[in-house]
Amino acid sequence: MRGELEAAIREVIDSNAYAGGPFVAKFEHDFATFCGAGNAIGVGNGTDALWLTLLALGIGAGDEVITVPMTFMATAEAISHCGAKPVFVDIDERTYTLDPELLEGAITPRTKAIIPVHLFGQAADMDAILEIARSRGLPVIEDACQAHGAEYKARKAGSIGTAGCFSFYPGKNLGALGEAGAVVTNNEELRNKIQMLRDHGQAKKYHHTLIGWNARMDGIQGAALRVKLKHLDRANQARRANAWFYDQQLAELEEVILPTEADYARHVYHLYVVRVQNRDRVLQAMANRGIACGIHYPIPVHLQQAYRFLGHRKGSFPVAERCAEEFLSLPMYPELTATQMGAVVQELKTLLRTSKRAYERVV
């Protein structure tokens, strides 16, 4: 895509449209269409998308917002920066998303919103979550920062709840050439508020209706994302094909728990995450063999030092904690070759089988 991106950037430079402007507006139109939503609002990053959506919904001091402990820190940070309190619900052990069966028990009179996280590229069980939310009159904000193009019952992630929030961090399925994010929504009032909040609360230039912030998307990022959006479906299909390769090659390994694609979902594999025992040792051993794996995420949010004041202890959310000790992210991106993936599989198999034999000898 380099040639297309360079041409798009030159066009922005020629137009001097760097902060917001027509290139962002064109991307907003294209991304809303892609998601099957009425509106998209470009912002500075995914954290801004979550934070501004909460602000636009009037969430503030004394309120509670329900989310999951197995997510990137930004989900909870956005809640905290509104002055609200994050309330955690454990994840389902198959999908790694919010467990709807535990949701109702977390709702209190202070609950003002629910943020399910579409983790690793798989949508949460939205119908079950929305049914509970509607019965309580609560908005549902989809954290779709890892789910560009993912689907729930043939609907695009982000288009199902009150709003959907996306990050375009460079490593995402749809990544900018820097920082960027967006909110998609069918709610016109919400769109108008977020548009004002991202631009110092301006309804029009120098007319400040709200106390806002500077969270505009850059013109260069809008132009680059518009180019990359054209390639997203193909890239997601390549990720799915790569995941299928891993699934087939690793299926025989009893020592590995493979990711599960829910019956309702079209997983887009932002990450391909398996579960193994002695994860940290496996991670280091793979690195020693020249294969860089990752951990997403080693410490659940409720056990982070920053949230110690909430009073949670180890054992508060056992599924999230167990997964945090076992998750291992294998290399995953569209351009992986069969030879590269074969090397990953072979090294992992050799490592785990060697470790198993050594354990059996000790026993």
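Tutor: Start with charge: Lys and Arg count as positive, Asp and Glu as negative, while His and the chain ends are not counted. Each charge is placed at NZ of Lys, CZ of Arg, CG of Asp or CD of Glu. On that basis the protein chain carries 39 positive and 41 negative side chains, and the centres of the two sets are 3 Å apart.

The model is predicted, so local features need pLDDT of at least 70 and side-chain atom pairs pLDDT 80 or more, whereas totals for chains, interfaces and linings use all residues. Residues are numbered from 1 along each chain as its sequence is written, and side-chain values use heavy atoms, without hydrogens or water.

Of the 363 residues, 55% are buried. Buried means under 20% relative accessible area, exposed over 50%, and partly exposed in between, using a 1.4 Å probe and protein chains only. Residues 24 or more positions apart make 68% of the contacts with a separation of 6 or more. A contact means heavy atoms within 4.5 Å.

The part to zoom in on is helix α4, residues 74–81. Its buried residues are A74, T75, A76, A78 and I79. G83 follows α4 with a positive phi, near 90 degrees.

Strand β3 leads on to Y96, which sits in the loop between β3 and β4 (111–114). Y96 is not a glycine, yet its phi is positive, about 65 degrees. Y96 is buried, at 4% relative accessible area. N16 is exposed, at 55%.

Last, the cysteines. The structure has zero disulfides, a disulfide being a pair of cysteine sulfur atoms within 2.5 Å. C35 is buried at 3%, and its sulfur is 11 Å from the closest cysteine sulfur, in C165, so it is too far for a bond. C145 is buried at 9%. Its sulfur is 6.6 Å from the closest one, again in C165, which is also too far for a bond.

Terms used. Helix = DSSP H or I, 4+ residues; strand = E, 2+ residues; numbered from the N terminus.
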